[in-house]
Amino acid sequence: MATQAAPRENGRQEAAHLYGELEERLLARDQEGGSRIYYELLRRGRPLSEIMAEAVRIHAPYTHVPYHQRIDDGFPNFVNNDHCLLSSRAAINLQKMLPEKLAGLPLAQTIWYIPSGLDIWNQKILKAPGHYATRGYKMPNATPPAPVVYWPDQEPLKESGPLNERLNNWLTLVERGQVVDAYRTFLGLMEETGHRKEVLAQLVFAGMIDVQDRMLYNRSYTTGHKAYRARSVVEIGNAVGWDNAHDIIYAGALDIAVGPRWHSVYEMACNVVTIFIEGKEVHAVPQGGTTERERALLSNTGILNEEETDELIDALIRQHEPAYIEKISALLLAGKSPRRIIDAIQLAAARVVLETEGPNNFSMPQHTYEYCNTLGWFYDNFEHPQRLKLLYVAGSMVNQAAWNQRNSGWPKSDPISAPSGADRMSGSQIIERLEAALAALDPSASGAWTKAYLDSGEDRSTLVQRLALMARGSATTRTTKRSRNASWRITPRTDAATATNCCSPARTSRPIGNTATASRRAAVSARRWAWPNCSNCGRGVPRPLPRGFG
């Protein structure tokens, strides 16, 4: 059965009041109420892209912050980045990995998350409830405080002159932190539909160059979030259509200029090209643009062999600077493809993740992995003239993450190996054990069972599909657990009976009190929606939704 009913004529007008109710519930931080309305929109056949656009419209004014850092009584404190927009982008891609009847599940998690992601600034100082109010916010028995708009929407500012000059002017406004001027200028640039791809390339580039210059003993950093937010603008804009994408631009592009901005690693990359690629010295004389040799290296097509890949990975995660700088430069000068070098850097980032121990120690490795993934996506979708330099930015981030883990005492002592006896199991038996490990939030067991499945030679698409399903189910449960003591009306999901013919976990029978237990329940319930004949779905969990649900 299809996830959604067939759209009806003039259904958008009929659904307008539901979108008004959705806005009311989300801004009231009512996760259960917002979810119920989402399910009703699905029942009425509203397209997922339309619902996503409305969800972004609702949260866009309230997911900005004045600055991504505070100085509290002399102590710098990080102010987190928005994840509502990132969740919508993830929903676009996860939807493609799931069975058709579960296509609405990823966006269901986004709708569930939005109430807990509003007004991060006030959450961090315990003046508002939500995901980030983790130090004991207590909401009185009253209406929750309304989320604050720190950066109101603006009108476009149109400039004249060559496109490249105007793109550089926008980037200068970003660097200076002139948030309103930069945003208005970007809106003006986006009105030139013939140059949209170049404008979006500059947006993502501005995010890619904004990466902190250290990790060890720091807690305030960008971790590549400006790039992830810019990528979200592009992918969601493509999904909903650029004629309907103003709110997506407001939710993402404005933040690029919000400080602090961290450009010193990218400056290093610029100087490295001068020193290692051009063979010249760096002087105080200002430089700009790209060189003929740098542009030529972008056309390299050479593939890295196994030895070259291993040597680059070793330089990235086992050696100090400038080892990886020298290695990347040598590979480029030897004719190796920049895109294939990115693949090797991505493998190095994955190795840092896999070598990390402790469930709370994955922040820097995971963000580094995501940065490398975004860089590969950037290369695949845009031809920005400065993109060669970003290889060194990615290399720096991976190198910092590796040494951050090592110096913090978080590396795993033993390599990942499949559990004993896994070679005698079927693929479905291995998947069941993997799901149990994921639901228990056990990184070591999860990695071991994943390796067992890969070693088995079974169809990898099945593994990807199950991981995508578990990623959405467990993310929702963790959000509920983390937020329930800090937010007003952030409650377990609605009863299954209210969600017929759409994607919704069943309601828990009592408040969630243990993350692992709740995650196991969510995982078991998720398996039952997708695979009603599951032979090992566990006990003591909410009843499965009816067969054919979705």
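## Burial and overall architecture

A residue is termed buried when its relative accessible area is under 20%, exposed when it is over 50%, and partly exposed in between, using a 1.4 Å probe and protein chains only. The structure is a predicted model, in which local features need pLDDT of at least 70 and side-chain atom pairs count only at pLDDT 80 or more, while totals for chains, interfaces and linings use all residues. Residues are numbered from 1 along each chain as its sequence is written, and side-chain values use heavy atoms, with hydrogens and water left out.

The protein contains 22 helices and two strands; helices (H or I, at least four residues) and strands (E, at least two) are DSSP runs numbered from the N terminus. Of its 550 residues, 55% are buried. Contact denotes heavy atoms within 4.5 Å. Among contacts between residues at least 6 apart in sequence, 75% join residues at least 24 apart.

## Two buried loop residues

Threonine 223 lies in the loop between helix 9 (196-208) and helix 10 (225-240). Because its relative accessibility is 3%, threonine 223 counts as buried. Apart from neighbours within four places in sequence, threonine 223 contacts Gln212, Tyr228, Met364, His367 and Met397.

Alanine 257 occupies the loop between helix 11 (246-252) and helix 12 (264-277). Its relative accessibility is 2%, so alanine 257 also counts as buried. Neighbours within four places in sequence aside, alanine 257 is in contact with Val174, Gly177, Val179 and Ala182. Alanine 257 and arginine 176 are 81 residues apart in sequence, and their C-alpha atoms are 7.7 Å apart in space.

## Helix 18

Helix 18 (residues 390-407) comprises 18 residues and reaches 26 Å from its first C-alpha to its last, close to the 26 Å expected at 1.5 Å a residue. The expected span is 1.5 Å times one less than the number of residues. Helix 18 is mostly covered, with 16 of its 18 residues buried. Glycine 409, with a positive phi near 80 degrees, follows helix 18.

## Packing of helices 19 and 20

Helix 19 (residues 427-439) and helix 20 (residues 443-456) pack at an angle of about 160 degrees, their axes being 8 Å apart. Helix 19 is therefore roughly antiparallel to helix 20, a term applied to angles over 145 degrees.

The contact involves Gly427, Ile430, Ile431, Arg433, Leu434, Ala437 and Leu438 of helix 19, and Ala445, Ser446, Trp449, Thr450, Ala452, Tyr453 and Ser456 of helix 20.

Definitions and conventions:
Axes fitted to C-alpha atoms, helices over the stretch in contact; angles between N-to-C directions. Parallel < 35°, antiparallel > 145°, perpendicular 65-115°, else oblique.
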